[in-house]
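Student: Hi! Could you walk me through this one?
Tutor: Happy to. Let's open it up and take it piece by piece.
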Amino acid sequence: MPLLALMILVPAAAGLACLLVRSRRLLPALGVLAFSATLGLGIALVRQVLALGVVTAWNGFLFADALSAWMVLVISAVSLASSIYAVGYFRRDLADGTVTERRFREFYVLTPLFGASMFLVVLANNLGVIWFAVEATALSSVLLVALYNRRTSLEAAWKYIILGSLGLALALMGTVFVYAAACKNNTQSLPSFNWTYLMGVAGQLDPRLLKLAFVFALIGYGTKAGLAPMHTWLPDAHSEAPAPTSAMLSGVSLKIALYALLRFSILTTACLGTPYSQHLLLGFGLLSMCVATPFILVQTNMKRLFAYHSLEHIGIICVGLGLSVPLALFGAVLHIGYHALVKSTIFFAAGNIHQRCHTLQLPKLAGLLKTMPASSILLALAVIGIAGLPPFGIFLTEFGIVAGGMGAGRVLVSVLFMAALVTVFSGLLSHVAHLLLGAPTQEALGPRTPLSCVAAMALLIALLAVLSLWLPAPLLELLRRAAALIGGSP
Amino acid sequence: MNLDFPILFAQTALLLLLAPLLSGLIKNWKAKLQNRRGPRVWQPYFDLLKFLRKDMVLSEHSSWIFSVTPYVLFLTALAAGLLLPLVTAQAPLGLFGGVLALVGLLALGRFFLALSGLDPASAFGGMGSSREMTISAVAEPAMMLAIFTVAIAAGSTNLSQIVLASQGPGWKFFDPSRALAFTAMFIVLMAETGRIPVDNPATHLELTMIHEAMLLEYSGRYLALIEWGVAIKQLVLMALLANIFFPIGLAPETTPATFALGLLFLAAKLLVLAGAVVLVETSNAKLRLFRVPDLLSAAFILAMLALVSTFLFS
Amino acid sequence: MNPPTAETASNLITLLASFMLVLQLLMAVQSMLVSNIRLFALQSLLLAGIAAVVGYAYSAWHVYLVALLTFVGKVVFLPWLLERLVRQLKIEQEIRPFVNVPGSMLLCGALTVLAYVVAHPVTSLERLGSNTLAVALALLLTGFFLMINRRKAITQVLALLTMENGVMLAAIALTSYGMPLVVEIGIFFDLVTAVMVLGILVYRIRESFDSMDTSKLNQLKG
Amino acid sequence: MSDLEAWAHIVTSVQPATLLGASLCGYGLGAVGGLFFMLREKLATAFSFGAATLSALSGLLAGLLMLGGGAGSPAPQLELLPALIPSLRFTVRLDALSALFLLVVSLLGAAISIYSLGYAKGFFGRKNAGLLGAFYNALLLATTLTFVADNIWMFLFAWELMALTAYCLVSFEHEKPETRQAGVLFFIMSHIDAGCLILGFLLLFQASGDYSFASLHGVGAAMSPGKRDAAFVLFLLGFGIKCGVVPLHIWLPVAHPVAPSNVSALMSGVLIKTGIYGLTRVCFDFLGAPPLWWGVTILAAGTISAVLGVLYALMEHDLKRLLAYHSIENIGIILMGLGAALIFLHTGHPLLAALGLIAGMYHTINHACFKGLLFLGAGAVLHATHTRNMEEMGGLAKRMPQTACYFLLGAVAISALPPLNGFVSEWLTYQTLLQGFGTTDSLWRLAFPWSGAMLALTGALAAACFVKAFGITFLAQPRSPAAGAAHEAAPSMRAGMAVLAAACVLLGLFPALFIRLFDPLTQQLSGVQLSSQLSLNHGLVLGLPAEKAGSVSTLGLVLTGVCLLPIPLALRLVFGRKARTRRGPTWACGQPGLTPQMEYTATGFSKPIRMIFKALFRPRRDVQREYDFSPYFATNIRFQSHIEEVFVERLYRPLRITILRGSRRIRALQAGSIHAYLLYIFVALLLLLLFAL
């Protein structure tokens, strides 16, 4: 059984197993087990990729290059953390009856499937398969968003699915165009739709068609990736989902859609030879950053605050990718990882706060450093990380991106970039300072935060801290290759 | 460094002895102008002796600052005097500092005086030191600017240099910039020595007094030192004004003859200046406190004009 | 395969495609929900027809399969599912769009023109029929417009499905063989699951909102 | 014997680099230790602040060795961490400029750390002293790194780290809302300046293509004038915010007072100097030959900051806020020197430029010393009276005499009165400005004496302000029970203050000695060495390079005073032999019983100034009388007076309000209607289809 296949089948199997398992005890164990397995597999995969360059399986149906391997690592890490977190989280929810037994099982069935479909996205070779894998991530996560079955969560889920599948319809159109372009210049009856093949013949594809394709893909996958102005579902879905799911949505699933979009962009660039797609990415990235800013400044709900913050960071990543100079690309790729770690931590913290204080309204919360020190300190660290302050790595990546921009002579872009960063920081700081510092305004209503919930956060923060100051050589190499890949050198 | 000790001692003595005489003189002339007999010219000496002999009462609230101040005031005034070319063109301690140091020393004295105004916990002292510091603050820039005009012209802040430079053949009084600067300095002088229209040295009325208010708690020896120090300060300022604007007769090299000559010239200049002061004091009424800044800002403007005109005419 | 067949096939496809567009416009003006669903079924039938024609013309068996899937899925299953939903939830028949009928007609016309403009440079690439790509784009855009213009959840789903039809039409028209089978099947199953998930949500929303008007779903602000 | 040789060898072989590395490690260790022993306060305090002291000393030694080595001694380099991205390396380098500022931070750091050993005890049981120690060390570490950073990346890394740790310390006592707000304001402002700096440095990077400072030397020549000016403006904004140049200063008087006093001392003494360091580094090292307007701008900014800073300080009766405003004033004075130096570089007078640099740098050191001293003194007072409000103090000179002495020294020094160090550096500044008049024929030369006069105004106002600060705080009767019950500060605190007081005196009396240290600096930045020309008569007198342009000898003045002292003493012996001295009540218009309420208040003291400058302060007063039958016989009067902080009221608050209002408007985009959302996507798609193809 090849590695890549296992990568997808293990979580899928875990999901199906959860469907059958009776005992409530076993479900969390299964989740944790599955994702720790994928993490292990992911590390093995990295070794293989570094050795072989490109790994394929099932005669080219699945394939993994540096970029996919990196994404695999990110997905596994976050999913593992969130499955660990979920243990304590749902124990409490079940205890106070916020979720029913049925929904509880639903969660454990859907989450591994969600993971599996994300793995499929990054490991699939065929653009069509990538498309329906992305759709699968949407379908598997929408019911998770609706898990609490509150009016608001249903509304969020509805918007998510409608906008999501609309976007995906457009993305499909884009895919079709690429396929059409591929058909044109091949002679055999059924053309291969494989990424590897397409990259091979990128030169001969029809540019007009590819432009059209990229436009559709940009709007389509952009919707799923939460690029402004297609982001509107994002704050709703991310704030209404249960914390573990929010973490996975904000932490990875956005980047999964971005990954699909990225493949299109690489192909388009390879075909056109002009930075057409990169300019579009740049524009949408900046737009997203600017759009996120005012919402962060005057936000009143903690989870929404950080959902918009994810929007901003998707923007940052897109700017980095759009600048397409080595430093910026490296920064962007690394940023994907750092942001995944930190953002999940923050959503975990939000979950803890919600279960402890039964509200996420920022004006009502204050002085959490006193009431729930452990989570607060970890949250503080995470916010320091996400705000792009040293010693954490996001400072490096953001500096890399803006330095790349300046190096490429894009002064205006860099200025806008910095302005957005600074404004967002000021908003974030004032909210978080009020949240954590000072004297607590209200008594904690909920139970104490269980160990696993803190452990998951601590795990991620520790990982972040280590990776901020020291990247293992193989990982560094992997990142370089990924950046080079996006940069256009295969 | 080579100190000319005879000159040093002579100038020290001169400062000590001349100062009370000058203030006595001014008091006397003022009285005369107001058709009063007024105190004798020598009265200040007798006052000082009297104060020195009398017992002292220190406020029970006052701290060591209160006791240090008289010495600081006295010594700074004296030291400042030694930086100044009084009789000879070459100031005895000119090497130790120029006009900036002189101003600084006087400021140090004022600083301590103001502190000891606050020290005895009475309301008058505080009021006095508050007003004193305010007025000096507003006076400072005008004074500096006026000094800068001459300093720039001489290319030095060393008073001896300034004097020597303006002793040259090129020197003329009716250089507009000098005239303006002189006027500015004169106004500042009136403020710094606490004279009408800025302050009234004769009054002890709570609401009007400035300088005297700080001294209310002083008595005996300390009062003597302070009075004397203030007198020396007045002498120094007037001599400064006199010598840097009319550097006539300052002895370039020190022989007894030239020294005597210089002494005469100095006396003459001081008499004239004192006369001017008396005239201004008698012909004006004291200004309200918050009108004083207008006067001093006028002085500042004059000094500024002086600068501009040096800029224009050089 | 012999040229006349290809000729006729191409003409036939053009005809069917244009009928699809016509049906789309009818949907835009049709104010009854059930008949909307039926119109969609009809449109899907035309799509299946096109697929069948392609399959016949190029004797490509897997395109027949596509035709079959489309028929089973979009002509039979989904309409049935939707009508059942309508009946069960007693959704009122009247569709009250935001833009009135003439207005929406006008806009749809404009969108169709836009579709032609956009498609023009690449029409040379079409394998089958003429302007099928333009028609496909038009279906997509008008479907999008319908989605914005309809209040009810279920009608939005319907609009989404018509967009899907447009995409499939483009797939067939541009590529002459349809997509690789695995992709086709994947798309098909995704579609079905999507509609089912939507169904579930519709049920739940119905339960907690007792209304299907999505313009009432506006509690999440800012 | 052999041991001795070994020791001798070790001592002689000590390199600045080693010492620097040692001090950096020491700070790091102190920070970690503080966290590690967090639960055992005594141990944590002793460990972290002890470590800080030692590291500071070793840093001090490094700086001295480096500067003592004279001009042209090679700048040692260190690699701290492996780089994640090859081009972004964590390297530090100790050239003359860095060494000078290393000297400042280490000197102050040592003194404050000693002080903190006692000061931190005040937190025991209330806040976690170990945490304080950890943050404190981290702050020192970051600041030192900022001064010795060798490339853009390292500099910005340290810069942001410094802001972060400073924020943690400012909001250390975050229970008070004002502290929280102060922290937030501080951090936001410093993030803005970081943004400006990043852009500015990257503009330089565009031209040089390399991050290392060595490669940035004189890079301005390779830039287009527009970009060069843009970079200058960005740096002016960025560093200006950090060092509190008016009108970018608003965070400073808010943030410095609320921090623990030892931290306030560090922030006011050193942190804001990072701005000066950066400005010097950039303007004299990187940007190449400056156009005239740069220098004029900095000179003007300095003058305005100096005057406004001291004016606002006068209006304060919160002791620490008052000191914070004085930091703005002194930064202004420093900038006057630097601005003049820039102008001289433009007009081509390297010698005068060196003089201006020395004036600025000397004042930097001096300000670090006396401001540190004053803040430590304020801390001791705070510690004793538990209030920052001067109106509730008084009479402390009797209760804490040593602290009073040190504070008085600081006050005299900061008021630029002879013979202390403040006077010396302001003397140098005056001289620079006066010399400047002759350098050019353009109308600009009037700027020199003008700003000289403003400097005089500043000095006089500062004197007034510190008469008030010292007089109201330490003299007369205590105005509150707390002040009455005040006690002398702990020995270690006094020791810390003593160190700085000594520094103030030495720097004041022996300037010619210390000016030698500037030779490498002036050599590096303006290509000349001056100290030999500045010191006359074996370094007893400070003179000017120009012939007989002026000289001063604070030592000489002191000696003169000492020699003249016999005169008053003799007077006493001769005449006052029979005079008695006794204590008596202060005269209170014949009323018995003088109460503290009769004393002059801080507010009252500064009233005349407030009235004179009312155009600036826009003072508001409201008087509430409670009376029985006639307002003239009030039974109870409440008097309140406020002044308006122009820049906050007229500039920052409106800006903030507009931004927030705008944001609220924009939120309407996310109104919850799915149709609207669909429409956004639709429009985006159409636009792309129409224009992007």
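Tutor: One term to begin with: two residues are in contact if their C-beta atoms, placed from the backbone, lie within 7 Å. Also keep in mind that this is a predicted model.

Student: Okay! How many residues do chain C and chain D bring to their contact?
Tutor: Chain C gives 14 residues and chain D gives 11 residues.

Student: Which helices of chain C each supply at least two residues to the side that touches chain D?
Tutor: Those are α4 (101-119) and α5 (132-149) of chain C. The largest share of that side comes from α5(C), with 3 residues.

Student: And how do the residues on that side of chain C divide into nonpolar, polar and charged?
Tutor: There are 8 nonpolar, 5 polar and 1 charged on the side of chain C that touches chain D.

Student: New topic: where is R620(D) found?
Tutor: R620(D) sits in strand β7 (residues 620-627) of chain D. Leaving out residues up to four places away in sequence, R620(D) touches S641(D) and H642(D).

Student: Is R620(D) buried or exposed, and why?
Tutor: R620(D) is exposed, because 10 other C-beta atoms lie within 10 Å, and a residue counts as exposed with 12 or fewer.

Student: Last one: which residues touch the most other members of the largest nonpolar core?
Tutor: A184(B), A303(B) and L169(C) do, in a core of 688 residues. This core draws at least three residues from each of domain 1 (22-288) and domain 2 (314-565 + 601-606) of chain D.

Student: What does L169(C) touch?
Tutor: Not counting residues up to four places away in sequence, its contacts include A17(C), M20(C), L47(C) and I50(C).

Terms used
Residues are numbered from 1 along each chain as its sequence is written. Chains are lettered from A and ligands numbered from 1 in the order in which they are written. This is a predicted model: local features need pLDDT of at least 70, side-chain atom pairs count only at pLDDT 80 or more; totals for chains, interfaces and linings use all residues. Helices (H or I, at least four residues) and strands (E, at least two) are DSSP runs, numbered from the N terminus. Ala, Val, Leu, Ile, Met, Phe, Trp, Tyr, Cys and Pro count as nonpolar, Asp, Glu, Lys and Arg as charged, and the others, Gly among them, as polar. A residue is buried if 20 or more other C-beta atoms lie within 10 Å of its own, exposed if 12 or fewer, and partly exposed in between; C-beta atoms are placed from the backbone. A nonpolar core is a set of buried Ala, Val, Leu, Ile, Met, Phe, Trp, Tyr and Cys residues joined through C-beta atoms within 7 Å. Domain bounds come from an automatic or database domain assignment.
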